[in-house]
Amino acid sequence: MKLKLILVLIISLSIFSRFYRFPELFHWTLDQDYWAYLPFNIATAYHFQLIGGHIAGTGLYSGPSFIYLMAIPAKIFSGNPLGFGYTVAAVGVLGTILVYRIGRDMFGKTAGIFSAIIHSGSF
């Protein structure tokens, strides 16, 4: 019972640290605009990418898996940039749960709890 209460508090901290005043603190630049344009093209069936976007002007291109995964929130939120941010924040909360479980399985409950606390405050 005590462990469940601690986990609920850790997950609550993770949710709070990622979603509190999110629209006010959300940062959007030209680089994010380019990376949001690619999944929006897939979500609207305008153009399907076969390669990913360029990597920092190196002439190299990433794989398209990130773009296809981000096409889902692009479709759900109609391309609204906050939708991408909310999706990434929700994945971060799920990451806190995974960090606890992996830490617990590999090193014990105490290590899982401490690693989840550190992850929950690291947004």
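1. What covers the buried residues of α4? The cover includes α3 and α5. Contact here means heavy atoms within 4.5 Å. The buried residues of α4 are I67, M70, A71, P73 and A74. Buried means under 20% relative accessible area, exposed means over 50%, and partly exposed lies in between (1.4 Å probe, protein chains only).

2. Basis of the note. This is a predicted model, where local features need pLDDT of at least 70, side-chain atom pairs count only at pLDDT 80 or more, and totals for chains, interfaces and linings use all residues. Residues are numbered from 1 along each chain as its sequence is written, and side-chain values use heavy atoms, with hydrogens and water left out.

3. Fold inventory. The protein has six helices and zero strands. Along the sequence the pattern reads α-α-α-α-α-α. Helices (H or I, at least four residues) and strands (E, at least two) are DSSP runs, numbered from the N terminus.

4. Overall dimensions. The radius of gyration is 18 Å, whereas a compact globule of 123 residues would have one near 14 Å. That radius is taken over C-alpha atoms, and the globule rule is 2.2 Å times the number of residues to the power 0.38. The C-alpha trace spans about 50 × 30 × 25 Å along its principal axes.

5. Burial and surface. Of the 123 residues, 28% are buried. The protein exposes about 8300 Å², and carbon and sulfur atoms supply 72% of that area. Accessible areas come from the Shrake-Rupley method with a 1.4 Å probe; for residues, only the protein chains shown count as cover. Among contacts with a separation of 6 or more, 55% join residues 24 or more positions apart.

6. Largest pocket: volume and method. About 300 Å³ of space lies in the largest pocket. Rolling a probe the size of a water molecule over the atoms shows where empty space is left. On a 1 Å grid over the protein atoms alone, a pocket is an open set of points where a 1.4 Å probe fits, with protein on both sides within 12 Å along at least five of seven lines; lining residues have an atom within 4 Å of a point. Grid points are joined across faces, edges and corners, and a volume is the space filled by probe spheres set on the points.

7. Largest pocket: lining. The residues are F16, S17, R18, Y20, F22, L25, G85, V88, A89, G92, S122 and F123. The largest share, four residues, comes from α5. By class, the lining has seven nonpolar, four polar and one charged residues. Ala, Val, Leu, Ile, Met, Phe, Trp, Tyr, Cys and Pro count as nonpolar, Asp, Glu, Lys and Arg as charged, and the others, Gly among them, as polar.

8. Second largest pocket. This one holds about 240 Å³ of space. Of its 13 lining residues, the closest to its centre are W28, Q32, W35, F66 and F84. Helices α3 (30–43), α4 (65–76) and α5 each supply at least two lining residues. Here α3 gives the most, with five residues. By class, the lining has nine nonpolar, three polar and one charged residues.

9. Positive phi in two loops. A45 lies in the loop between α3 and α4. Its phi is positive, about 60°, although A45 is not a glycine. S78 is found in the loop between α4 and α5, just after α4. S78 is not a glycine either, yet has a positive phi of about 55°. S78 counts as exposed because its relative accessible area is 61%.

10. T87. Where does T87 sit? T87 is found in helix α5. T87 counts as partly exposed because its relative accessibility is 23%. Leaving aside neighbours within four places in sequence, T87 is in contact with P73 and F77. P73 is one of the buried residues of α4.

11. L5. Is L5 buried or exposed? L5 counts as exposed because its relative accessibility is 52%. L5 is found in helix α1. From L5 to Q32 the C-alpha distance is 38 Å, for 27 residues in sequence. Q32 is among the residues closest to the centre of the second largest pocket.
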